[in-house]
Amino acid sequence: MSKTIMQALIIALSTALSLLLCGCSDTTELGNRAIIQAVAIDYDGLYNVSALLFSSGGDKIDASLENAIKVSGSGKTLTEAIDNISLADGKKLYMSETKLLILGGGFERTDVFPALNALYYDLRCSLNMPVCCAESADLITDMHFSEGMTSAEKPLSMLENASSLGVSPKTTLLDLLADNAAGKPSLIPLFVPDKNGRGMTESGDTISLAGTRYLKNGKLYDYFDQNKTISLMISQNKIKTLSLNFRFGDTEKTCLAYDITSDLNEDGSKYTVSAKFKNKNGTSLSEEEETAALRELSKIISAFRAS
């Protein structure tokens, strides 16, 4: 082996080793970290944070336990609020595994992006972390869900299910940062209080998805119900599959609309919508049923344009 090749190999190995060591610069053992499952933020002049910390309640995870404790902190910046969270066991907060971000009250009046940038750049949250909103961020962190291994799992599964049905967007931290950089607004799923008759929680108090809110220029605007949310997602070509209810004769039918596209007329007065349709079992619709389904899809987006 030539001297030049040997030198190149040594340099490459040294570089790889340096990167490896840099990636392991935080030597805090995982057992000495408080793993945040979900973080909720309100703003009233201060950032008020409530976080759900993973807690197995022992050496093993017990699915019958809640597996989370709620902690809170406040500060002039989000980073300060996180730092002010008081942990009785003195563990170091760990946010790289945070599964859900909830934006609460106050962001109608203040720019949310300083907080979002801090979550990514300073606190190392994943860009793939789903984001939702609520009138009060505590709405979700105060819930004691009886379903799921941990308290963050139920709202996450609700978001995933709504997204798979095409009735709500799955908005991530990356989506918000990318839309803002491009000067585009974002749709954020909205949770509201609900009752479930002692199903998902022992008390019967729970949450449900009730459309979306618009994030534009760093602030939350407008409330869109589910139909308006679907309309807006179609108009922005952000929805490709939708569980669609439509009227056919005297019968209410359900089908799956897919490969959905929309185009705005040159004068900006009307959207033209196209899609393919199939029954939930995969069989084809009749030509007459497809016509009725397309009419319903067009009606959904026309209703939003007229509102």
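**Charges over rings.** I found Lys278 over the face of Tyr258, at 5.1 Å from the ring centre. I also noted Arg213 over the face of Tyr223, at 4.1 Å from the ring centre. My criterion for a charge over a ring was NZ of Lys or CZ of Arg within 6 Å of the ring centre and within 35 degrees of the ring normal.

**Basis.** I worked on a predicted model, in which local features need pLDDT of at least 70 and side-chain atom pairs count only at pLDDT 80 or more, while totals for chains, interfaces and linings use all residues. Residues are numbered from 1 along each chain as its sequence is written, and side-chain values use heavy atoms, with hydrogens and water left out.

**Ring pairs.** I looked up the aromatic pairs and found 4 in the structure. Tyr43 and Phe107 form a tilted pair, 6.4 Å centre to centre with 35° between the planes. I took rings of Phe, Tyr and Trp (its six-membered ring) as paired if their centres lie within 6.5 Å, with planes under 30 degrees apart counted as stacked, over 60 as edge-to-face and the rest as tilted. Tyr43 is in strand S1 (residues 33-43) and Phe107 in the loop between strand S5 (100-103) and helix H3 (113-122), so the pair links parts of the chain 64 residues apart. Helices (H or I, at least four residues) and strands (E, at least two) are DSSP runs, numbered from the N terminus.

I recorded Phe107 as buried because its relative accessibility is 0%; Tyr43, at 21%, counts as partly exposed. Buried means under 20% relative accessible area, exposed over 50%, and partly exposed in between (1.4 Å probe, protein chains only). Ring pairs join Tyr43, Tyr47 and Phe107 into a cluster.

**Helix H3.** I listed Phe113, Ala115, Leu116, Ala118 and Leu119 as the buried residues of H3. Just after H3, Arg124 has a positive phi of about 60°.

**Thr171.** I located Thr171 in the loop between helix H5 (153-165) and helix H6 (173-181). Thr171 is buried, with a relative accessible area of 6%. A polar atom of its side chain lies 2.5 Å from the backbone oxygen of Leu187. Beyond residues up to four places away in sequence, Thr171 touches Met129, Pro130, Val131, Leu176, Leu187, Ile188 and Pro189, where contact means heavy atoms within 4.5 Å.

Note on methods:
A polar contact is a pair of N or O atoms within 3.5 Å; within protein, one must be able to donate a hydrogen and the other to accept it, and residues adjacent in sequence count only if both atoms are side-chain atoms.
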